[in-house]
Amino acid sequence: MSDIQVGLSSERPIKDRVKVAYTILAEQGCCGPSEDSKLKNRGYTPEELIGLPESVLAMSDGCGNPTALGAMREGDTVLDLGSGGGIDVFLAARKVGPTGRVIGLDMTPRMIENAQANLARLGLVNVEFKLGEIEYIPLAPDSVDILMSNCVICLSPDKDQVFREMFRVLRPGGRLAIADEVALKPFSSEERADPEKWCECVTGAVTEADYSNMLRQVGFENVYVKQIHRTMESGSGVFSAFISGAKPLRL
C-alpha cells in the first residue's frame, strides 16, 4: 500500500467526519449479499458483476455506474477519484485491457487496504491504488485519459480545487465519466454546515447549473449533466446524475 498522503483541505471538520464515515463503511461493509439489486439499480448489469468478489460488491456505495458512460477505450489510463473498495476500478480495468492502466485514489487508509486485498484476489496487473485526497491528486500533469468518480465529488468542501486538479491531470482531449449527486436547489449555509448531512451525500451537492459552470470555468468543454434517477430518500433535495466533459485538445 502506498503511504503517500498529499495535501490537506482547510475544511477539516467536514473532511474528518467524511473520513470517519468511510472508515466505518470499510470496516463494516455497505450492501449485503441480499442487496445486489441496489447495484443493478445504479446501472450495473449482472454480466458486469460476474467474477467480482463479494468483498468488492459490499464496499460499493456509489450513485451510478461511471464505467457505463462509454468513454473508455482499450489502452486508456483511467483515474478513479474516491475509489473505495474498487468496483469501478476493476470494471474499468476490463475495458482498457492489458495495455491500459487504472488508478484508484482514496483518502481513507482502510479503504485502500480493502481495495488492495480485492486486487490480490482478482490478480489484475493493470491496476494500482494510491492514498491521497482528491483536492491534491498525486499524479503528474497530462497523465490521464479518463477521469471517473462515483458519488465522491459531492463530499468535497472545495470542489473548485477538485475541478482544477482534474483538469491538470487530464491529457488534452481527456474525458470525464462521473456519477454524482446534484442538488435540486442550493442548500442553505446552515444545512451545508452539518457534517453528518455531507456524509449522506446530500448537502455537499451543488446544483446542475453550478456544477456545469464550475467545470467550464476551469476549462472543460462539452459539459453536460444528465439525471439518472432521483435519490431513494424522498425529500433529500438531490438527484443522481452522469456528468461528462472534455479537456480541449488545444489550450
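What follows is a short chat about the predicted model shown above.

Biologist: OK, how many helices and strands are in the chain?

Modeller: The chain has 10 helices and seven strands. Those are DSSP runs numbered from the N terminus: helices are H or I with at least four residues, strands are E with at least two.

Biologist: And how much of the chain counts as buried?

Modeller: Of its 251 residues, 55% do. Buried means under 20% relative accessible area, exposed means over 50%, and partly exposed is in between (1.4 Å probe, protein chains only).

Biologist: Let's pick a strand. Is β4 mostly covered or mostly open?

Modeller: Mostly covered: β4 spans residues 144-150, and seven of its seven residues are buried.

Biologist: Which strands does β4 pair with?

Modeller: Strand β1 (residues 77-81) is joined to β4 by four bridges, and the two run parallel. Strand β5 (residues 170-183) also runs parallel to β4, with six bridges. Two strands pair if DSSP finds at least two bridges between them.

Biologist: Which residues stand opposite each other there?

Modeller: V78 stands opposite I146 in β4. On the other pairing, L147 faces L176 in β5. To get from β4 to β5, the chain crosses through helix α7 (residues 159-169), and this β-α-β crossover is right-handed. With the strands pointing away from you, that means the path from the first strand over the helix to the second runs clockwise.

Biologist: New topic: which residues are buried in helix α10?

Modeller: In α10 (residues 208-218), Y211, S212, M214 and L215 are buried. Looking down the axis of α10, its buried residues fall within an arc of 160°, so they line one face of the helix. The arc is taken from the directions from the helix axis to the C-beta atoms.

Biologist: What comes just after α10?

Modeller: G219, which takes a positive phi of about 125°.

Biologist: Last one: why does N222 count as exposed?

Modeller: Because its relative accessibility is 61%. N222 sits in strand β6 (residues 221-230).

Biologist: What is N222 in contact with, apart from its neighbours within four places in sequence?

Modeller: S244 and G245, where contact means heavy atoms within 4.5 Å. The C-alpha atoms of N222 and S244 are separated by 7.6 Å, though the two residues are 22 residues apart along the chain.

How values were computed
Residues are numbered from 1 along each chain as its sequence is written. This is a predicted model: local features need pLDDT of at least 70, side-chain atom pairs count only at pLDDT 80 or more; totals for chains, interfaces and linings use all residues. Side-chain values use heavy atoms; hydrogens and water are left out.
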